[in-house]
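The stops below are meant to be taken in order.

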Amino acid sequence: MSSVEAVARHPIPEGFTKAHVTPEDYKARYAESLSDPDGFWGREGKRLDWIKPYTKVKDTDFTLGQVSIKWFEDGVLNACVNCVDRHLPKRAKQTAIIFEPDDPDQPAQHITYAELSEKVNRFANVLLSQGVMRGDRVVIYLPMIPEAAYAMLACARIGAIHSIVFAGFSPDALANRINDCGAKLVITSDTAARGGRKTALKSNTDAALLHCSDRVRCLVVKHTGDQTTWVQGRDVDVKYLMEHASPDCPARPMGAEDPLFILYTSGSTGKPKGVVHTTGGYLAYASMTHQYTFDYQDGDVFWCTADVGWVTGHSYIVYGPLANGATTLMFEGVPTYPDAGRFWAVCEKHKVTQFYTAPTAIRSLMGQGPEWVEKYDLSSLRILGSVGEPINPEAWVWYDKHVGKGKCPIVDTFWQTETGGHMITSLPYAIETKPGAATLPFFGVRPEVLDASTGAVQEGNPAEGVLAIADSWPGQMRTLWGDHQRFEEAYFSQYPGYYFTGDGCRRDEDGYYWITGRVDDVINVSGHRMGTAEIESALVAHPKVAEAAVVGYPHDLKGQGIYAYVTVMNDVMPSEDLRKDLETWVRTEIGPIAKPDLIQWAPGLPKTRSGKIMRRILRKIAENDYGSLGDTSTLADPSVVNELIENRMNRA
Ligand code: 6R9
């Protein structure tokens with residue numbers, strides 16, 4: 001047995017009677033999910049409570065020019081009722097949300113389903129009192145506090161569409177999103193506390209709202225109690241209004257295909273894309289993947305360390321777990337505050353059973369040494385998860401050995417904002433793992449490896465190419481907000497008949513899928529997805545910058561780092577001050593996560609005669625792999641390449 005195989009097997013522990021899926025089940029049910037999607041999903045859809053049951057299950061078409069995706073389309077339901085009300089008869093006193101604050105000396109909160117119901121109803125009444133109606137958009141710009149979940153569920157209750165903007169984004173990024181979706185209202189807090197530091201969310205919102213319609217109202221959660229400015233007639237104190245609101249708010253019956261939320265994500269062109277998820281299919285898929293992938297059982301304490309500002313937080317902190325009547329943990333802080341043992345301290349304190357995090361966090365904690373993990377009792381842990389980027393085998397093995405003590409199956413879950421839930425993942429006790437492989441497709445998911453240039457389906461194993469999906473699944477996005485044509489172009493035009501993920505992929509001799517990273521101009525920095533075009537347009541907006549090209553390069557901790565080639569204006573001299581200035585500039589234009597790691601001054605950029613920047617070459621130089629630049633004969637001026645190689649910034 002090789003060392004890799006030695007860590008790959010995680011037998012069912014003694015005393016553990018039943019996993020949701022067994023190896024035999026997986027094979028049989030997967031086959032059925034492809035051969036009879038209507039039958040399979042017709043049954044799975046019943047995991048939700050429907051006000052009016054659906055009679056149709058799947059109605060989907062991937063044909064370019066007429067892409068249309070509908071699931072359970074004549075069913076009527078309410079997502080909030082499915083996450084809250086329906087659990088009350090059995091689980092009123094059970095904890096729905098454990099809130100662990102940034103400061104470990106502050107008490108944790110245990111919010112029961114009864115309390116959650118009351119808060120959400122009150123919050124929904126506050127939204128109604130502010131004139132929010134069915135179909136209206138509400139932007140949520142909040143830290144990781146219970147009010148973020150209340151706000152999401154309150155929107156769902158009254159049929160408003162929420163769009164969460166990650167609290168690390170800048171005022172400009174916030175304003176763009178408020179404007180793109182035409183939000184009526186934005187919900188924020190005074191400040192946010194993370195890692196002992198404060199972010200001024202309300203003042204960021206004030207700055208953003210200068211660029212928005214003056215009809216946009218602002219609900220403020222007074223969370224830290226820090227002083228903020230107050231605009232009379234526009235700003236509203238949510239907690240105060242909640243106290244005075246009725247704890248009863250009727251839930252609106254919604255069509256299965258009514259939008260539940262919009263979530264902006266990066267694409268390969270500049271403007272962020274407003275990914276639209278609808279109610280029935282998304283919720284059924286989030287619930288099912290949460291239950292099966294994490295083998296969630298009654299009494300478990302589930303912890304996903306993502307932020308609700310990303311899709312992982314939507315599906316696996318809020319919607320999936322709560323639809324399943326689970327106990328979900330929400331953590332306000334960061335892995336390294338007050339020290340590198342915080343994650344493990346929280347696992348011990350709340351007896352976490354499933355722990356779901358990103359490879360970048362594992363790598364950085366790995367660097368601090370195993371003694372931080374060993375200080376804590378992690379015997380409650382049963383399942384470990386990874387998401388956001390490919391996990392390197394070293395990190396996988398460390399996670400398995402030091403956190404899971406060799407006993408916890410690791411689920412490496414490949415999926416995207418667009419897919420709503422897991423697409424390729426192992427299932428505990430049903431699919432054997434291999435360090436670094438996402439393994440096999442989830443029920444109903446039909447992956448294909450295509451030749452990147454011809455689009456030909458790569459039959460047999462092993463195979464290598466790009467990853468596309470041949471048929472729809474209920475959690476799939478339905479459109480881009482206000483731009484169905486861009487939706488078709490971005491996802492269905494490259495390989496007609498397929499949903500294209502934008503990821504490269506390898507299938508090994510056992511049919512296991514290994515995701516190799518993005519093949520488009522999207523980079524993945526610490527599990528955060530960014531379009532190089534967004535960073536470029538921020539850079540060229542600087543008065544001293546003439547041109548910029550941004551690529552990713554391998555980074556030990558972050559997975560990928562941001563490498564920017566910058567051409568300055570004719571009369572400008574590059575300097576250290578300008579470099580610092582550009583870093584700060586990008587932070588304020590987009591947010592701290594977009595700050596370039598390396599900036600190289602480029603007198604010229606390699607371009608084709610038609611003026612297209614040859615990114616392939618820039619990527620190679622950034623990777624310090626300039627020996628194999630390939631064909632440069634189509635360049636307008638091949639000499640710029642030598643100059644770029646000579647002054648390259650990454651020599652690792
Ligand atoms: C859920 C989420 C999506 C992109 C995706 C891929 C990368 C996510 C992965 C993974 C390898 C995994 N990705 N999970 N790559 N293995 N387990 O992260 O959504 O922010 O939209 O990013 O992340 O490149 O295309 P999102």
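**A buried loop residue**

Start with Thr439, which counts as buried because its relative accessibility is 1%; buried means under 20% relative accessible area, exposed over 50% and partly exposed in between, with a 1.4 Å probe and protein chains only. Thr439 sits in the loop between β20 (410-413) and β21. Helices (H or I, at least four residues) and strands (E, at least two) are DSSP runs numbered from the N terminus. The phi of Thr439 is near 75°, a positive value in a residue other than glycine.

Before moving on, note that the model is predicted: local features need pLDDT of at least 70, side-chain atom pairs count only at pLDDT 80 or more, and totals for chains, interfaces and linings use all residues. Residues are numbered from 1 along each chain as its sequence is written, and side-chain values use heavy atoms, with hydrogens and water left out.

Select Lys351 next, in the loop between α13 and β18 (354-357). Lys351 is not a glycine, yet has a positive phi of about 50°. Is Lys351 buried or exposed? With a relative accessibility of 55%, Lys351 counts as exposed.

Go to Pro338, in the loop between β17 (327-331) and α13 (342-350). The peptide bond leading from Tyr337 into Pro338 is cis, with omega near 0°. A cis bond also joins Asn461 to Pro462, with omega near -5°. Pro462 belongs to the loop between β21 (447-450) and β22 (463-469). Most residues other than glycine have a negative phi, and most peptide bonds are trans.

**Around the ligand**

Now select the ligand and the residues around it. Of the 17 residues there, Asp412, Thr417, Asp503, Arg518 and Arg529 come nearest; a residue is near a molecule if one of its heavy atoms lies within 4 Å of it. By class, this shell holds six nonpolar, six polar and five charged residues. Here Ala, Val, Leu, Ile, Met, Phe, Trp, Tyr, Cys and Pro count as nonpolar, Asp, Glu, Lys and Arg as charged, and the others, Gly among them, as polar. At least two shell residues come from each of α12, β20 and β25 (513-518).

Show distances for three atom pairs:

- Thr417: a polar side-chain atom is 2.5 Å from an oxygen atom of the ligand.
- Thr413: a polar backbone atom is 2.8 Å from a nitrogen atom of the ligand.
- Gly388: a backbone N or O atom is 3.1 Å from a nitrogen atom of the ligand.

The ligand alone exposes 530 Å², and the protein buries 96% of that; accessible areas come from the Shrake-Rupley method with a 1.4 Å probe.

**The recorded binding site**

Finally, select Arg194, Gly195, Gly196, Arg197, Thr312, Ser526 and Arg587, which an unreviewed UniProt entry lists under "binding site". They span 394 residues in sequence and the farthest two C-alpha atoms are 24.0 Å apart, so they do not all gather at one spot. UniProt positions follow the numbering used here, feature names are shortened, and annotations may be inferred rather than shown by experiment.

Zoom to Thr312 in helix α12 (residues 311-323). Thr312 counts as buried, at 11% relative accessibility. Beyond its neighbours within four places in sequence, Thr312 contacts Cys304, Ala306, Ile317, Tyr356, Val387 and Trp415, where contact means heavy atoms within 4.5 Å.

End at Arg587 in helix α19 (residues 576-589). Arg587 counts as partly exposed, at 40% relative accessibility. Leaving out neighbours within four places in sequence, Arg587 is in contact with Ser170, Pro592 and Lys595.

Terms used:
Polar contact = N/O pair within 3.5 Å; in protein donor to acceptor, adjacent residues only side chain to side chain.
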